[in-house]
Structures are given as C-alpha cells and as structure tokens.
Amino acid sequence: MYPRVSQGRRLLGITIDWLAAYAITLGFFAGGGDFLERSRGIGGTVLLVMALQYLILVSLGGSSFGHRLVGLKVIRFSDAGAATPLQALIRTILLVAIVTAITFDENGRGINERLSNTVLTVSYTHLTLPTTP
C-alpha cells in the first residue's frame, strides 16, 4: 500500500535525532568542564530529550528533525492523514525501547508502527519542481 522506506534512511533519521538530542543535552544540561567531563552520566537525559523532541515534532509536524532531513514523514496507516498526538505518544514510547523499531514485518513496518497504526513514508514535500513560465 505504501512504499517501503529503506532501513538506511530510517537509521540515518534516528541517528540525526539522537545527535541533535545529544547536542541539546550537552549545551543545556551537562554543566561545565571539558567534553569528557560534560558527557559523563548524561545518557538518561539524552534519551529523555530525544523522546520529548520526537513526540513534539511528530505530533505537530508529522516528522522529527532527522526524518525531515532525510525526507521522511509519519502518517496514519488507515487513511494517510497526519498522526494524532496519541499515535505519536505510542510511537515514541515504543521507539525508546529500540528493539521495537528494528523488528519488522513483511510490509516493512516496525512493531512501533503497527501498534500505533502509523507508517513512515517518503515525504515529497521537500521536493519541489520548478514551474515553467
């Protein structure tokens, strides 16, 4: 029904999200000192920042920061509409347990997508074709 998104794009998107959450955590919550001192013990905070960032961006815009950069979006599986905040919450909770995001069915949907009734698709909004005069 929907075109499959490659595992590479999914992985790149989540990696970008993770790095953004890491940078936010280092910038705002890590305290002072050199890089190694600041990066000790912030793993839980990075996970919390990533979950909040993912939840807010998918709820409001249909894609996380990493998804937008690699041209992906989250939609409802049933009617291709925008994901609801509840669906984004379910998806985020299951995404935090990373095993659900890397186990797939025959259609290429992860457990987090099936349980939240969403699907990750290619976003064509970032591709604009020039119009001819």
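1. Is A80 buried, exposed or partly exposed? With a relative accessible area of 40%, A80 is partly exposed, where buried stands for under 20% relative accessible area, exposed for over 50% and partly exposed for what lies in between, computed with a 1.4 Å probe and protein chains only. The residue sits in the loop between strand 1 (72–76) and helix 5 (85–96), the helices (H or I, at least four residues) and strands (E, at least two) being DSSP runs numbered from the N terminus. Although A80 is not a glycine, its phi is positive, at about 65°.

2. On the basis of these remarks: the model is predicted, so that local features need pLDDT of at least 70 and side-chain atom pairs count only at pLDDT 80 or more, while totals for chains, interfaces and linings use all residues. Residues are numbered from 1 along each chain as its sequence is written, and side-chain values use heavy atoms, with hydrogens and water left out.

3. A positive phi is also found at N117, a residue other than glycine, with a value near 55°. N117 belongs to the loop between helix 7 (111–116) and strand 2 (118–122), and its relative accessible area of 29% makes it partly exposed.

4. Leaving aside residues up to four places away in sequence, V74 touches Y54, V58, G62, H67, A83, R91, T118, V119 and L120, a contact being heavy atoms within 4.5 Å.

5. On the surface, L48, L52, I56, L57, L60, F65 and L69 form a nonpolar patch that has about 710 Å² of accessible area together, by the Shrake-Rupley method with a 1.4 Å probe and only the protein chains shown as cover. Patch residues have over 30% relative accessible area and no salt bridge, and nonpolar side chains (Val, Leu, Ile, Met, Phe, Trp, Tyr) are joined within 5 Å, like charges within 9 Å; a salt bridge is a side-chain nitrogen of Lys or Arg within 4 Å of a carboxyl oxygen of Asp or Glu. Helix 3 gives the most to this patch, with five residues. F65, in helix 4, counts as partly exposed at 42% relative accessibility.
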